[in-house]
Amino acid sequence: MSTTRDRILRVLGDIVPELEPSELKPGVNLRDQLDLDSMDFLNFMIALHKEFGVDVPEAEYRKLLTLDGCVQYIEAEKPAG
Amino acid sequence: MAEFRMPKLGADMSAGKLVAWRKKPGERIERGEIIAVVETDKTAIEVESFVTGVLEKVLVEPGDSRIPVGTPLAIMTVEAGTLPPIEAPRTEVAAPRAAESAPLRAAARGGPEVARPAPEGARAKASPAARRRALELGIQLGTVPGTGPEGRITLEDVEQAASARPAPAPAAPESRQQRMRYAIAAAMARSKREIPHYYLATTIDMSRLETWLETANRERPIAERLVYGVLLVKAVALALREVPELNGFWIEGRAAQSEAIHPGVAISLRGGGLVAPALHDADRRTLDDLMAAFSDLVKRARAGSLKSSEVTAPTITITSLGERGVESLFGIIYPPQLALVGFGKPVERPWVAEGRVCARRVITATLSGDHRATDGHRGALFLDALGRLLQEPEKL
């Protein structure tokens, strides 16, 4: 069964096709590592919403700037079940 | 009958690869339908037909060879009365001369051009500037297809022919990235050689706009949120209505304003390089509509599926490096456009409002203008209008 981290990486891979998950530093800003602009980041948030049913308010985007941050946020906010 | 020719999909394009036909011989084509896919040095582009008719005969099969701009690719019959009164550059279809009006030709010069090689043995018709430049570059005018009125060779045709000549070294570009660099190099070198730029900058208070955007996005579902850049595009488009001299092309020694406002938005491509496809009629669209169009454009730009009308239509370019931390940028105009607008990063600065010093978020907006077409005074009026429009985000 896929972990939350795997599912997030899959979602991110759709936004950044050249993503190499093994090379991603989990504690480093995704926008800097992957050269994401604001449109990419919004598309990432939309894709996370579709995947996990979590609607991230714009004011909380900063909590999802790293892979670790994304995992932590999604784990805490995703609907039970 | 008309020839469908390799289109010129940007000032930096001298040749392209025919990747695929989207229509078969005998098939009817409506205006606006995709007829073929062409790969430029930058990206693959879906080429639309700007006439209605029938694809009679394919002259070139898809392949790896680079086909010079203007080369006939297919024969079409064009339905009578379907040659459009276009505003923006169009896909290359060499149509009957009588059907073309002068304004149509002028408007079309920003992109795909109707190439007409000089008749054999005849002295090529060329503008004095084109003759001088051809002499400087050692180019035989008789070998240059003319795109001006009655096949007249223009300065741009000569520059085009020069850039289409094989570079001495390296003989063949190795990769897409390298080819893109060459294409950008050609366009930017041409810009700096031909366009006397002037540069202006202004600082704009963004606090009202940011507060408005934050509130608007709080009320929206995630898939309908707006990004900051879309508001900037709309404000630029509205400011151009007030100073239209900045919106259009420099063609054959004069400025040709475009009534339609199609800002090209610079989109960086993964792995390097950039494209600047058009957001059509940005001044007339709602923010929601612009946002949807911008999102779609970014996706397709990176997937390599832009349409020819998007790459040839831009009447001005907007670029921003704010997301990469740059506070101000002074861009190089993309020929034959007349101006480029640049935005930097929003930063917090001391600001005086109503006689008091306070901290405000501000950005630096810049204008690169073609001094042949406008003076700094008009450019200043544009930046003033832009700053004013950004203080009323609810009206954008």
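I started with confidence, since this is a predicted model. Chain B has an average pLDDT of 84, and 86% of its residues reach at least 70. I'm flagging both stretches in my notes. For the complex, I wrote down an ipTM of 0.82 and a pTM of 0.75 from the predictor.

Next, the contact between the chains. I noted 13 residues from chain B and twelve residues from chain A. Which elements of chain B give two or more residues to the side touching chain A? I found α5 (207-218), α6 (228-242) and α7 (287-303). The largest share, three residues, comes from α5(B). Sorting that side of chain B by class, I got five nonpolar, three polar and five charged residues.

Last, a helix pair in chain A. I checked α1 (residues 4-15) against α4 (residues 67-77): their axes come within 10 Å and cross at roughly 120°. An angle from 65 to 115 would count as roughly perpendicular and one over 145 as roughly antiparallel, so α1(A) and α4(A) are oblique to each other. The crossing is right-handed. From α1(A), the contact uses A:Thr4, A:Arg5 and A:Ile8; from α4(A), I listed A:Leu67, A:Cys70, A:Val71, A:Ile74 and A:Glu75. By class, I have five nonpolar, one polar and two charged residues in this helix contact.

Definitions and conventions
Residues numbered from 1 in each chain as written. Chains lettered and ligands numbered in written order. Predicted model: local features only at pLDDT ≥ 70, side-chain atom pairs only at ≥ 80, totals over all residues. pLDDT = per-residue confidence, 0-100. Contact = placed C-beta atoms within 7 Å. Helix = DSSP H or I, 4+ residues; strand = E, 2+ residues; numbered from the N terminus. Nonpolar A, V, L, I, M, F, W, Y, C, P; charged D, E, K, R; others polar. Axes fitted to C-alpha atoms, helices over the stretch in contact; angles between N-to-C directions. Parallel < 35°, antiparallel > 145°, perpendicular 65-115°, else oblique. Left-handed = near helix turned anticlockwise from the far one by under 90°.
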